[in-house]
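I opened my notebook to write down what I looked up, one entry at a time.

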Amino acid sequence: MDGSERAEGEGVPPVRPVGKVAVQTVEEALSGLRKNTVSEVKLFGKSIKDVEAATLQESFKYNTSIQELHFVHITSRAAIEAVIALNASLQVLRLVNTKVGDAGATVIGTALERNTALKQLFLFDNQIGEEGAVEIGNALKHNKTLEVLFFGTNMISDAAATAMGSALERNTSLHTLYIYKNKIGDVGAAAIGAALEYNSSLRVLSLCHNHVGDVGAAAIGIALEHNATLTELDLVGCPIHTLGIEFL
């Protein structure tokens with residue numbers, strides 16, 4: 001059996017695009033960040049010591065080669081704090097089940113206000129509530145480069161959705177916004193809907209599995225009469241009935 005016939009994972013090294021170096025261990029990450037030779041770091045469920053987190057923070061701060069950073073099921077608070085302030089070259093940040101919380105989201109929001117590199121931000125299942133989400137929403141009023149924001153499976157409700165709606169009235173870079181599996185109701189949906197009348201960049205909006213009812217759906221539907229940009233709207237799993245559906 002030659003290499004082309006081997007099952008995936010049976011000793012065959014992963015294929016990486018030419019010119020792009022990806023690492024999947026803490027040691028490789030630290031070495032690559034220090035040497036400016038790594039463009040992508042993926043750490044899944046790794047145990048990161050405090051001393052490693054401190055080194056990671058220092059290396060990340062001055063690195064100019066990193067473009068993508070993926071932390072999945074990382075439990076080290078120090079490691080998360082080491083990266084959430086962002087750096088000047090990072091374009092994709094994916095934090096999945098890392099317990100960022102409101103404190104971490106607030107740091108990210110502050111960083112986003114002045115960051116000009118990050119294009120995609122994924123914050124899945126991070127126990128982010130109103131305070132942190134509002135900070136990120138407010139940051140979008142000033143950020144001009146973020147294009148994709150995934151905010152799935154957190155604890156976001158109407159206040160944060162209202163902040164995001166206010167930001168969408170001004171923001172011209174964001175084209176994809178996922179806020180699914182949160183606690184957004186009609187008030188938050190109406191705020192986002194009102195923003196759609198003025199926004200000309202958002203193409204994909206997912207509010208599925210929230211608490212949006214007929215009133216929120218109607219507000220979004222009415223706004224879409226004045227919006228020619230949005231092409232995908234997902235409200236699956238929301239308690240919308242015949243009245244609300246008529247407006248969509």
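**Entry 1: His175**

I began with His175, which I found in the loop between α6 and β7 (residues 176-178). A reminder to myself: this is a predicted model.

Is His175 buried or exposed? I read a relative accessible area of 17% for His175, and since buried means under 20%, I noted His175 as buried.

Next I checked polar partners, and the side chain of His175 makes a polar contact with the side chain of Thr176, at 2.8 Å. I then left aside the neighbours within four places in sequence and listed what else His175 touches: Glu147, Val148, Ser201, Leu202, Arg203 and Val204.

**Entry 2: α6 and what covers it**

I moved on to α6, which spans residues 158-168. Here I marked Ala160, Ala161, Ala163, Met164, Gly165, Ala167 and Leu168 as buried. The cover over these buried residues includes α5 (130-139), β7 and α7.

**Entry 3: α6 against α7**

How do α6 and α7 pack? I noted an angle of about 5 degrees, with the axes 8 Å apart. An angle under 35 degrees counts as roughly parallel, so α6 is roughly parallel to α7. From α6, the contact uses Asp158, Ala161, Thr162, Gly165 and Leu168. From α7, Asp186, Val187, Gly188, Ala191, Ile192 and Ala195 take part. I sorted the residues of this contact into six nonpolar, three polar and two charged.

**Entry 4: α7 and what covers it**

I stayed with α7, residues 186-196. Its buried residues are Gly188, Ala189, Ala191, Ile192, Gly193, Ala195 and Leu196.

**Entry 5: α7 against α8**

I looked up this pair too, and α7 and α8 pack at an angle of about 0 degrees, their axes 8 Å apart. That makes α7 roughly parallel to α8. On the α7 side I listed Asp186, Ala189, Ala190, Gly193 and Leu196. They meet Asp214, Val215, Gly216, Ala219, Ile220, Ala223 and Leu224 of α8. By class, the residues of this contact divide into eight nonpolar, two polar and two charged.

**Entry 6: Thr242**

I placed Thr242 in helix α9, residues 242-245. Is Thr242 buried or exposed? I recorded it as exposed, because its relative accessible area is 56% and the cut-off for exposed is over 50%.

**Entry 7: salt bridges**

How many salt bridges does the structure hold? I counted two.

One joins the side chains of Glu40 and Lys42, at 3.3 Å from N to O. I noted Glu40 as buried, at 7% relative accessibility, and Lys42 as partly exposed, at 27%.

The other joins the side chains of Glu58 and Lys61, at 3.8 Å from N to O. I found both Glu58 and Lys61 in helix α2 (residues 50-62), three residues apart, which is about one turn of the helix. Glu58 is partly exposed, with a relative accessible area of 42%, and Lys61 is also partly exposed, with 49%.

Methods:
Residues numbered from 1 in each chain as written. Predicted model: local features only at pLDDT ≥ 70, side-chain atom pairs only at ≥ 80, totals over all residues. Heavy atoms only, no water. Buried < 20%, exposed > 50% of the residue type's maximum accessible area, 1.4 Å probe, protein only. Helix = DSSP H or I, 4+ residues; strand = E, 2+ residues; numbered from the N terminus. Contact = heavy atoms within 4.5 Å. Polar contact = N/O pair within 3.5 Å; in protein donor to acceptor, adjacent residues only side chain to side chain. Axes fitted to C-alpha atoms, helices over the stretch in contact; angles between N-to-C directions. Parallel < 35°, antiparallel > 145°, perpendicular 65-115°, else oblique. Nonpolar A, V, L, I, M, F, W, Y, C, P; charged D, E, K, R; others polar. Salt bridge = Lys/Arg side-chain N within 4 Å of Asp/Glu carboxyl O.
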